Amino acid sequence: MAFVEELAKELDISDEEVQIYLNIVVAAATQDLEALLDYAALGGSEQGDMIRSLSSMDREQQFMDWHNRHVLLPQAKAIAIRARMESGSTLDDAEENITQEELRSIMQMLLTKEQCFFPRPQRKADKVTSVLVSEVEDTLKVDSGLTKTQILKVLGKDNTTYRESAEGVLSYLCFMHKVRKVGSKYYHITKSPQVYETEIHRRVYETVASGSSSISAIAKGIGYDNTRGRRRVETILSLLQSEGLVQTTQNNRYQEWSITL
């Protein structure tokens with residue numbers, strides 16, 4: 001309770017709001033889909049059903065990734081190394097000289113001939129979307145701070161088929177707190193700017209990122225264009241500045257705010 005009170009004071013929100021956000025953090029950490037849907041009041045909605053569908057695809061793809069990494073790949077390595085050893089190579093030489101092309105070819109052969117030592121899971125969902133869920137998250141783990149178009153270009157999938165699926169996939173990953181959107185860019189949750197996870201703090205940051213520079217313009221951008229709203233915006237900007245997220249420049253007329261580069 002002391003922590004909740006301290007955080008509420010620091011963020012200028014109520015104790016109840018802090019507790020709700022903490023509950024969301026726990027639900028996100030445990031990937032409790034139904035709890036997250038309840039907190040967002042989406043349990044019985046069409047959007048909630050879409051998120052459940054994407055969650056099912058995500059889970060299905062995880063089983064496919066497990067099969068690729070822990071069944072197909074080890075079996076392919078064993079076959080490739082054995083073939084080299086039968087041609088006279090030592091075990092060490094065979095292990096060092098195996099190529100990715102060899103492994104991909106053998107893995108495809110195992111799938112085609114259905115010779116995997118553990119049966120491959122059956123895919124029931126849309127393959128394009130299922131694969132995209134996994135690939136987008138993996139891409140942002142390596143290279144965060146990308147727009148949707150940049151993500152698709154990195155994946156070599158910047159075409160109509162994948163663009164239609166990407167919007168839903170990114171919304172799902174953001175909802176599950178695996179990815180965070182700041183402005184027009186997406187970050188893996190482990191590499192995202194440390195914007196406080198409250199709506200008003202996030203909106204202030206994103207409004208500054210979109211180009212609004214004065215306190216009045218920022219307050220207007222988030223719908224708080226009144227005296228109390230401008231005071232609160234000023235407090236939040238000072239907090240974000242202390243976190244190194246925004247910076248201010250004082251000119252002859254008024255104070256300007258921008259994102260720290």
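This is a predicted model: local features need pLDDT of at least 70, side-chain atom pairs count only at pLDDT 80 or more; totals for chains, interfaces and linings use all residues.

**Entry 1: the α4 and α9 contact**

I looked up where these two helices touch. Ile51, Leu54, Ser55 and Asp58 of α4 meet Gly168, Val169, Tyr172 and Phe175 of α9. Contact here means heavy atoms within 4.5 Å. Helices are DSSP runs (H or I, at least four residues), strands are runs of E of at least two, and both are numbered from the N terminus.

Residues are numbered from 1 along each chain as its sequence is written, and side-chain values use heavy atoms, with hydrogens and water left out.

Next I checked the geometry. The axes of α4 and α9 come within 10 Å and cross at roughly 90°. That makes α4 roughly perpendicular to α9. The class runs from 65 to 115 degrees; under 35 is roughly parallel, over 145 roughly antiparallel, and the rest oblique. The axes are lines fitted to C-alpha atoms, for helices over the stretch in contact, with angles from 0 to 180 degrees between N-to-C directions.

By class, the contact of α4 with α9 has 5 nonpolar, 2 polar and 1 charged residues. I used these classes: Ala, Val, Leu, Ile, Met, Phe, Trp, Tyr, Cys and Pro are nonpolar, Asp, Glu, Lys and Arg are charged, and the others, Gly among them, are polar.

**Entry 2: salt bridges**

How many salt bridges are there? I counted 10 salt bridges, each a side-chain nitrogen of Lys or Arg within 4 Å of a carboxyl oxygen of Asp or Glu.

I took Asp58 up again. Its side chain meets that of Lys178 in a salt bridge (2.6 Å, N to O). This pair links distant parts of the chain: Lys178 is in the loop between α9 (160-175) and β1 (179-182), Asp58 is in helix α4, and they are 120 residues apart. Are they buried or exposed? Lys178 is buried, at 11% relative accessible area. Asp58 is buried as well, at 6%. The cut-offs are under 20% for buried and over 50% for exposed, with partly exposed in between (1.4 Å probe, protein chains only).

Asp49 and Arg52 also form a salt bridge, at 3.1 Å, N to O. They sit 3 residues apart in helix α4, so about one helical turn separates them. Asp49 is partly exposed at 44%, and Arg52 is partly exposed at 24%. I found Glu34 linked with Asp49 and Arg52 in a network of salt bridges.

Then I looked at Arg82 and Glu86. Their closest N and O atoms are 2.9 Å apart, in a salt bridge. Both lie in helix α4, 4 residues apart, about one turn of the helix. Arg82 is exposed at 52%, and Glu86 is exposed at 58%.

**Entry 3: the aromatic pair**

I counted 1 aromatic pair. The ring centres of Trp66 and Phe118 are 5.3 Å apart and the planes stand at 90°, so the pair is edge-to-face. Trp66 is in helix α4 (residues 46-86) and Phe118 is in the loop between α6 (100-112) and α7 (127-142), 52 residues apart. The rule pairs rings of Phe, Tyr and Trp (its six-membered ring) with centres within 6.5 Å; planes under 30 degrees apart are stacked, over 60 edge-to-face, the rest tilted. Trp66 is partly exposed at 31%, and Phe118 is partly exposed at 42%.
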